[in-house]
Amino acid sequence: MSGQALPSGAVKHRPPGTRRDAQRNHDRVLAAAREVLGESGADACMEEIAARAGVGVGTVYRRFASKDALIDELLQLVLEQIVSATERALARADGHGLEELLRALGQSFADHAKYASLLLARHTDEATEHRIRTAIDELTARARAAGTVNPDVTAGDVVVLIWAMRGLVQAADAAAAAAWPRFLDIQLAGLRATGPVSRTPPLSAGQLAELAPATQGG
């Protein structure tokens, strides 16, 4: 067929490398966005992200209609990673799934600490929130049953621990990578301790609901 016109209706196939190149550019834009957003926060511009990725700004806009769309994509990727970590934790039958999830969350907070405030300002769909919260309830119950945490520990206690760890990571900034694992180790040691864990009763569902909005902005 060389040198001849394609028959009417023939499909023009893309060169094999085109799709791979597009994915590579997509990944480079996301990596650059993480860097620039971490440095400039809400003031980051698409032009700087494009320059950092080594692509034209038009390439960025073809993939993401706006900076908001780009941040939404980053949030979606973070949530997908957390959901995957949740599923791995639930797959464990040894009572240590809760600890595995807590360590995965700590690492996620640290990985995205520099632009976490932008992610936390976005709306997370209720189905994903419910899925994660239900998993925390289940993993806490399993840990109590297996004796890997104190029988008095509640899922609400675990949620507060997660909020505290996230707050620490954001406050620690550059030291976050070193700060959160020790903090979590100490908290886990407390969760495993025998005897009454506190003279103060655990937070009720209503109290947790009141606290949650105040923590969403970071």
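Start with helices H5 and H9, which each supply at least two residues of the lining of the largest cavity. Helices here are DSSP runs of H or I with at least four residues, strands are runs of E with at least two, and both are numbered from the N terminus. A cavity is a set of points on a 1 Å grid over the protein atoms alone where a 1.4 Å probe fits but cannot get out, while a pocket is an open set with protein on both sides within 12 Å along at least five of seven lines; lining residues have an atom within 4 Å of a point.

Before you click on, note that this is a predicted model, where local features need pLDDT of at least 70, side-chain atom pairs count only at pLDDT 80 or more, and totals for chains, interfaces and linings use all residues. Residues are numbered from 1 along each chain as its sequence is written, and side-chain values use heavy atoms, with hydrogens and water left out.

Now select Gly-95, His-96, Leu-98, Glu-99, Ala-143, Thr-148, Val-149, Leu-188 and Arg-192 to see the lining of the largest cavity. Its volume is about 70 Å³, taken as the space filled by probe spheres set on grid points that are joined across faces, edges and corners.

## Stop two: an open pocket

Next, show H8 (155-172) and H9 (176-192), which each give at least two residues to the lining of the second largest pocket. The volume of this pocket is about 470 Å³. Of its 20 lining residues, pick Val-153, Asp-157, Leu-191, Val-197 and Ser-198, the closest to its centre.

Which residues touch the most other members of the largest nonpolar core? Colour Val-29, Leu-37, Ile-49, Leu-70, Leu-102 and Ile-136, out of 53 in that core. H4 gives the most to this core, with nine residues. A nonpolar core is a set of buried Ala, Val, Leu, Ile, Met, Phe, Trp, Tyr and Cys residues joined through side-chain atoms within 4.5 Å.

Finally, centre on Ile-49: leaving aside residues up to four places away in sequence, Ile-49 touches Val-29, Ala-32, Ala-33, Val-36 and Leu-70, with contact meaning heavy atoms within 4.5 Å.

## Zoom out

Show the whole chain and you'll find 10 helices and zero strands.

Technical notes: Buried means under 20% relative accessible area, exposed over 50%, partly exposed in between (1.4 Å probe, protein chains only).
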